[in-house]
Amino acid sequence: MKAAIITGAGSGIGRATALMFAKFNYHVFLLGRDTRKLRITHLECGDATSIGCDLTKPEEIDQAVKQILNTNKTIEILINNAGTFTYNTFENTTEDDWMNQYQIHVMGTVRMTKQLWPHFVKNKKGSIVNVASTLGVRPTAGTSAYSSMKAAQISLTQTLALEGAPHGIRVNCVAPGIVDTPIHPPGAVSGMAQAQPLGRVGRPDEIAASVYFLASDSSPWTTGAVLHVDGGINLL
Ligand SMILES: NC(=O)c1ccc[n+]([C@@H]2O[C@H](COP(=O)([O-])OP(=O)(O)OC[C@H]3O[C@@H](n4cnc5c(N)ncnc54)[C@H](OP(=O)(O)O)[C@@H]3O)[C@@H](O)[C@H]2O)c1
């Protein structure tokens, strides 16, 4: 059976992506720290495995990937989605803020990918989608650490697309705009609708549809792409 790994699957875009893959008959491996949230996604997906894993901890990633590769599932897809948002002036952004953003967005993506890469090379097939952000291309004030790490994810996507191509591995990136998920404080997104060219913020399932398109065999000749799914905000 085909399988997809989705990090940060307990809420928001990761949960919606897991539901999308489950709908198309993939077994889904759900990774995140909060196993209670993962269990709910698991129940909604049906055919799933939930694995508690802090993606800032290399040993927990090693353990999780070992568990995944020990199953009889054909792992074809990795979605690096887990993340946290931090908003502050550059002056007030601490060393810890920088390191936390680096560990989850950059090294979480790097370590998961590095662990799965030999498996994809061996199978001559693999597809990776990194969930970056429109801020990785067009940053705003107050997002120095987050936007820098999202830019790094986009650059990493493009390098890996080139290195993966001879092995049949595709690597793409979705750059969401403002999406209504728990990453934002309650009520924070409602005032942002008017600033969007399409007049509203996004829904997690709208990002999941693009992640699915890029990850699945629906886009066999697409690699290194940065797909903006953002109501047009990156054009302003
Ligand atoms: N919502 C937006 O407006 C927006 C816009 C652009 C890009 N994005 C990106 O989209 C991705 C998903 O975010 P979302 O909006 O869906 O927010 P979300 O609902 O808060 O989801 C983020 C998930 O990441 C997991 N996570 C965070 N730190 C982790 C860690 N150290 N180890 C393992 N899992 C961790 C969280 O689960 P646990 O707490 O259980 O670990 C959570 O389920 C993120 O990369 C975010 O930067 C979001």
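This report describes selected helices and residues of a predicted model.

## Basis of the description

In this predicted model, local features need pLDDT of at least 70 and side-chain atom pairs count only at pLDDT 80 or more, while totals for chains, interfaces and linings use all residues. Residues are numbered from 1 along each chain as its sequence is written, and side-chain values use heavy atoms, with hydrogens and water left out.

Helices (H or I, at least four residues) and strands (E, at least two) are DSSP runs, numbered from the N terminus.

## Helix H6

Helix H6 covers residues 204–215 and has 12 residues. From its first C-alpha to its last it reaches 16 Å, close to the 16 Å expected at 1.5 Å a residue; the expected span is 1.5 Å times one less than the number of residues.

Several residues of H6 are buried, among them Ile207, Val211, Tyr212 and Leu214. Buried means under 20% relative accessible area, exposed over 50%, and partly exposed in between (1.4 Å probe, protein chains only). The cover over the buried residues of H6 includes helix H1 (12–23) and strands E4 (74–80), E5 (126–131), E6 (169–176) and E7 (226–229).

## Helices H4 and H5

Helix H4 (residues 95–123) packs with helix H5 (residues 144–164) at an angle of about 15 degrees, and their axes are 8 Å apart. Axes are lines fitted to C-alpha atoms, for helices over the stretch in contact, and angles run from 0 to 180 degrees between N-to-C directions. The two helices are therefore roughly parallel to each other (under 35 degrees; over 145 is roughly antiparallel, 65 to 115 roughly perpendicular and the rest oblique).

Residues of H4 that meet H5 include Trp98, Tyr102, Thr113 and Trp117, where contact means heavy atoms within 4.5 Å. On the side of H5, the contact includes Tyr146, Met149, Leu156 and Leu160.

Thr113 lies in helix H4 and counts as buried at 4% relative accessibility. Not counting residues up to four places away in sequence, Thr113 touches Leu78, Asn80, Ile128 and Leu160.

Thr134 is placed in the loop between E5 and H5 and is buried, with a relative accessible area of 8%. Leaving aside neighbours within four places in sequence, its contacts include Pro176, His228 and Asp230. Asp54, in the loop between strand E3 (48–52) and helix H3 (58–69), counts as buried at 14% relative accessibility. Beyond neighbours within four places in sequence, Asp54 is in contact with Arg33, Glu60 and Ile61.
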